[in-house]
Amino acid sequence: MTVEVALAVMAGARVEYLTVCDGDDRSTALITLVRLAGLRDSSTYTDRMRLRDVLDGSLPSPGGRSGAVGEGGRVPGVLTLSC
């Protein structure tokens, strides 16, 4: 999935975080709308840039947000995407 598509999905779902899952539906990364928007506005951005190119595992956790962690360790209000 490209960064543009991820931004569109997040805007449509009105969420600040996107959880990326592997084929076994296990969370592999979490990325923020702010980070993707900042990346899109950078000089290194191209419309072919994919999420897997920008995920580094050091992304912030939404655990500090209000609400309990749900099934599979997911936080309500965070969009989950299987790749």
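## Leu39 and its contacts

In this predicted model, L39 touches V3, Y45, M49 and V54, when residues up to four places away in sequence are not counted. L39 is found in helix α2, and because its relative accessibility is 17%, which lies under the cut-off of 20%, L39 counts as buried.

## The chain as a whole

The chain has three helices and three strands, and, read from the N terminus on, its elements follow the order α-β-β-α-α-β. Of the 83 residues of the chain, 31% count as buried, and L39 is one of the residues that count as buried.

How do contacts join residues that are at least 24 apart in sequence? Among contacts between residues at least 6 apart in sequence, 58% join residues at least 24 apart.

## How α1 and α2 pack

Two packed helices are described by the angle between their axes and by the distance between the axes. For α1 and helix α2, which covers residues 33-40, the angle is about 140 degrees and the axes are 10 Å apart. An angle of this value makes α1 oblique to α2, since only angles over 145 degrees would count as roughly antiparallel. The crossing in which α1 passes α2 is left-handed.

Which residues of α1 and α2 meet? From α1 the residues are V3, E4, A6, L7 and M10, and from α2 they are L33, L36, A37, L39 and R40. The residues of this contact divide into eight nonpolar, no polar and two charged.

## The two faces of α1

Within α1, the residues V3, A6, L7 and M10 are buried. Seen down the axis of α1, the buried residues fall within an arc of 100 degrees, so they line one face of the helix. These buried residues pack against β1, β2 (27-32), α2 and α3 (51-54), and V3, A6, L7 and M10 are also among the residues of α1 that meet α2. On the face of α1 turned away from its buried side, the exposed residues A8 and G12 are carried.

## Arg14, after the end of α1

α1 is followed by R14, which is found in the loop between α1 (3-13) and β1 (17-21). Most residues other than glycine have a negative phi. R14, by contrast, has a positive phi of about 55 degrees although it is not a glycine.

Is R14 buried or exposed? The relative accessibility of R14 is 78%, and because this is over the cut-off of 50%, R14 counts as exposed.

V20 lies in strand β1, and because its relative accessibility is 5%, V20 counts as buried. V20 and L30 are 10 residues apart in sequence, and their C-alpha atoms are 6.0 Å apart in space.

R52 has its place in helix α3, and because its relative accessible area is 63%, R52 is exposed. The C-alpha atoms of R52 and A29, which are 23 residues apart along the chain, are separated by 9.5 Å.

Methods:
Residues numbered from 1 in each chain as written. Predicted model: local features only at pLDDT ≥ 70, side-chain atom pairs only at ≥ 80, totals over all residues. Heavy atoms only, no water. Helix = DSSP H or I, 4+ residues; strand = E, 2+ residues; numbered from the N terminus. Buried < 20%, exposed > 50% of the residue type's maximum accessible area, 1.4 Å probe, protein only. Axes fitted to C-alpha atoms, helices over the stretch in contact; angles between N-to-C directions. Parallel < 35°, antiparallel > 145°, perpendicular 65-115°, else oblique. Left-handed = near helix turned anticlockwise from the far one by under 90°. Contact = heavy atoms within 4.5 Å. Nonpolar A, V, L, I, M, F, W, Y, C, P; charged D, E, K, R; others polar. Arc of directions from axis to C-beta.
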